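Here is a short report on one protein chain. Keep the sequence and the 3D view side by side as you read.

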Amino acid sequence: KDSARVFQFFFSGHGVLKTTAEQGRFESGQGSVTTHKQTGQLGDCLVNTNGTLCQELELSSYIAEMLRTDAKISFFYDMCREEFKEAPKEHKTVINIFDYKQKIQRIGADRRMIRIFSSQLGEYSRGISFFQSICQHIADSNPDIRGIQIGEMMKFEKEKQKCDIDVGCPGWDNTFWPLE
């Protein structure tokens, strides 16, 4: 908790949007409906070098918990977000996204966190990435400029590849990235 006041995480690699949950331990049973807790990953996932998945929301929740309560947090994901499906299960599965989002809100990180994805849901990240375009713009700019304002990032989208910038509250448009 005695960490820096700014934390920046950047991932450039393979990613998927996992849209089905794996059935975990038994939760309850009412009538003909059996409910299980989710196991495994769901939603936006980073693909590890060994092929396993790392759920973005779980990662950002864990990191936010480890940081001081006033730290600004930036996650930049330069990855594909194409849909990854598996065979459906016959039982109801309770997913854990609510738990992670609630944890992030409880510690106030939703107000201090920005999540930037180079592509939108269901898209492949291709060619010169959104991240590369922004970095090139910063490198070519006046050296006195600290980076790029979050509100200006959308100018670097491509026709066939839109970005996704997720902020928990207003006021980020005039904030410079990289964060200081």
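## Terms and model

Start with burial. A residue is buried when its relative accessible area is under 20%, exposed when that area is over 50%, and partly exposed in between (1.4 Å probe, protein chains only).

This is a predicted model, in which local features need pLDDT of at least 70 and side-chain atom pairs count only at pLDDT 80 or more, while totals for chains, interfaces and linings use all residues. Residues are numbered from 1 along each chain as its sequence is written, and side-chain values use heavy atoms, with hydrogens and water left out.

## A residue inside: I116

Take I116. It is buried, with a relative accessible area of 0%. I116 sits in strand β10. Helices (H or I, at least four residues) and strands (E, at least two) are DSSP runs, numbered from the N terminus.

What does I116 touch, leaving out residues up to four places away in sequence? The contacts are F75, F76, Y77, F130, M153, D164, I165 and W177. Contact here means heavy atoms within 4.5 Å. Now look at D78. It is 38 residues from I116 in sequence, and their C-alpha atoms are 8.3 Å apart in space.

## Nonpolar cores

In soluble globular proteins, nonpolar side chains tend to be buried together. A nonpolar core is a set of buried Ala, Val, Leu, Ile, Met, Phe, Trp, Tyr and Cys residues joined through side-chain atoms within 4.5 Å. The largest one here has 17 residues. Those with the most contacts inside it are L46, I73, F75, Y77, M79, A109 and M113. Which element gives the most? It is α1, with 4 residues.

Zoom in on I73. Not counting residues up to four places away in sequence, I73 touches F7, A64, L67, A109, R112, M113, I114, W172 and L179.

## Salt bridges

A salt bridge is a side-chain nitrogen of Lys or Arg within 4 Å of a carboxyl oxygen of Asp or Glu. The whole structure holds 6 of them. In one, the side chains of E56 and R115 meet at 2.7 Å, N to O. E56 lies in helix α1 and R115 in strand β10, so the pair ties together parts that are 59 residues apart in sequence. Both residues, E56 and R115, are buried.

R115 also meets D166, at 2.6 Å, N to O. D166 belongs to strand β12 (residues 164–167) and R115 to strand β10, so this pair joins parts 51 residues apart in sequence. Together, E56, R115 and D166 are linked in a network of salt bridges. Elsewhere, D70 pairs with R68, their closest N and O atoms being 2.6 Å apart. D70 is partly exposed at 46% relative accessibility, and R68 is partly exposed at 29%.

## Cysteines

A disulfide is a covalent bond between the sulfur atoms of two cysteines. The test used is a pair of cysteine sulfur atoms within 2.5 Å. How many disulfides does this rule give? The count is 0. C54 is in no disulfide, and the nearest cysteine sulfur, that of C45, is 7.6 Å away. C54 is partly exposed, at 22% relative accessibility. C169 is buried, with a relative accessible area of 17%.
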